[in-house]
Amino acid sequence: MNLPNKLTVARIIAVPFFIAAYMTGYYAAAFILFIAASLTDMLDGKIARKYNLVTNFGKIMDPLADKILVYSAFCLMVEDGTVPGWMLIVILAREFAIAGMRTVAASEGIVIAAGMSGKIKTVLQMIAVPLLLLATAITQAQLHHYFGLAGQIFLWASLVMTVYSGIEYIAKNKSVFSMQ
């Protein structure tokens with residue numbers, strides 16, 4: 001297994017530790033774990049492209065690792081009221097639709113890599129989560145307000161990109177629907 005793929009696996013392994021920190025109220029630790037895991041996403045892609053280490057495993061598992069990390073955070077934040085439940089449903093519906101398309105394509109030997117709009121969606125989500133974590137962790141009213149507002153702005157921007165990238169993905173890969 002090459003280094004980028006190891007970083008992807010490390011991101012997945014970090015998720016239970018992030019969840020434990022969040023659920024026990026150690027928001028600063030959850031913030032640090034989330035940031036560290038998010039940085040592995042940037043790092044694994046850069047290394048894979050720079051050293052020509054792009055693999056089918058990475059094309060499939062890298063976006064999956066991102067989803068596991070981000071949607072774990074969103075689930076926790078739905079529970080405490082930081083993220084509206086309906087928003088998570090919209091986000092997950094897009095993800096399940098795209099995962100289904102990828103599965104059908106993979107059954108035909110086709111690997112569909114993540115597109116730029118999906119990457120932008122992921123970046124927006126990976127900015128929203130730490131901002132919302134900081135808002136939860138900080139008790140000073142003015143900072144709590146600013147981090148919460150910034151987190152909500154990025155959360156809504158990520159929702160817009162989620163819908164847009166889902167539509168774009170389906171339009172670009174509509175041939176998947178005609179596979180038999």
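## Pockets

A pocket here is an open set of grid points, on a 1 Å grid, with protein on both sides within 12 Å along at least five of seven lines, and its lining residues have an atom within 4 Å of a point. With that in hand, note that this is a predicted model. The second largest pocket has 16 lining residues, and I60, L64, K67, A99 and R102 sit nearest its centre. Helix 3 and helix 4 are the elements that each give two or more residues to that lining, with helix 4 supplying the largest share, 8 residues. The volume comes out at about 300 Å³, and the lining splits into 12 nonpolar, 1 polar and 3 charged residues.

Now for the largest pocket, at about 960 Å³. Its lining runs to 45 residues, and D41, R49, D62, D66 and K119 are the closest to the centre. Helices 1, 2, 3, 4, 5 and 6 each put two or more residues into this lining. Helix 5 gives the most, with 11 residues. By class, you get 19 nonpolar, 12 polar and 14 charged residues.

R11 belongs to helix 1, which spans residues 3–23. Is R11 buried or exposed? Its relative accessible area is 0%, so R11 counts as buried, the cut-off being under 20%.

Two side-chain polar contacts stand out for R11. One goes to the side chain of D62 at 2.5 Å, and another reaches the side chain of D66 at 3.0 Å. Both aspartates also turn up among the residues closest to the centre of the largest pocket. Beyond its neighbours within four places in sequence, R11 touches A37, T40, D41, D44, D62, A65, D66 and L69.

## Aromatic pairs

There are 5 aromatic pairs in the structure. In one of them, Y71 and F74 have ring centres 6.0 Å apart and planes at 35°, so the pair is tilted. Y71 and F74 are 3 residues apart in helix 3, so about one helical turn separates them. Both Y71 and F74 are buried.

W86 and W156 make another tilted pair, with centres 5.6 Å apart and planes at 55°. This pair links distant parts of the chain, as W86 is in helix 4 and W156 in helix 6, 70 residues apart. W86 is partly exposed at 45% relative accessible area, and W156 is partly exposed too, at 43%.

Finally, F18, Y22, Y27 and F34 are joined into a cluster by ring pairs.

Note on methods:
Residues numbered from 1 in each chain as written. Predicted model: local features only at pLDDT ≥ 70, side-chain atom pairs only at ≥ 80, totals over all residues. Heavy atoms only, no water. Helix = DSSP H or I, 4+ residues; strand = E, 2+ residues; numbered from the N terminus. Buried < 20%, exposed > 50% of the residue type's maximum accessible area, 1.4 Å probe, protein only. Polar contact = N/O pair within 3.5 Å; in protein donor to acceptor, adjacent residues only side chain to side chain. Contact = heavy atoms within 4.5 Å. 1 Å grid on protein atoms, 1.4 Å probe; cavity = no way out; pocket = protein on both sides within 12 Å on 5 of 7 lines; lining within 4 Å. Points joined across faces, edges and corners; volume = space filled by probe spheres on them. Nonpolar A, V, L, I, M, F, W, Y, C, P; charged D, E, K, R; others polar. Phe/Tyr/Trp six-rings, centres within 6.5 Å; stacked < 30°, edge-to-face > 60°.
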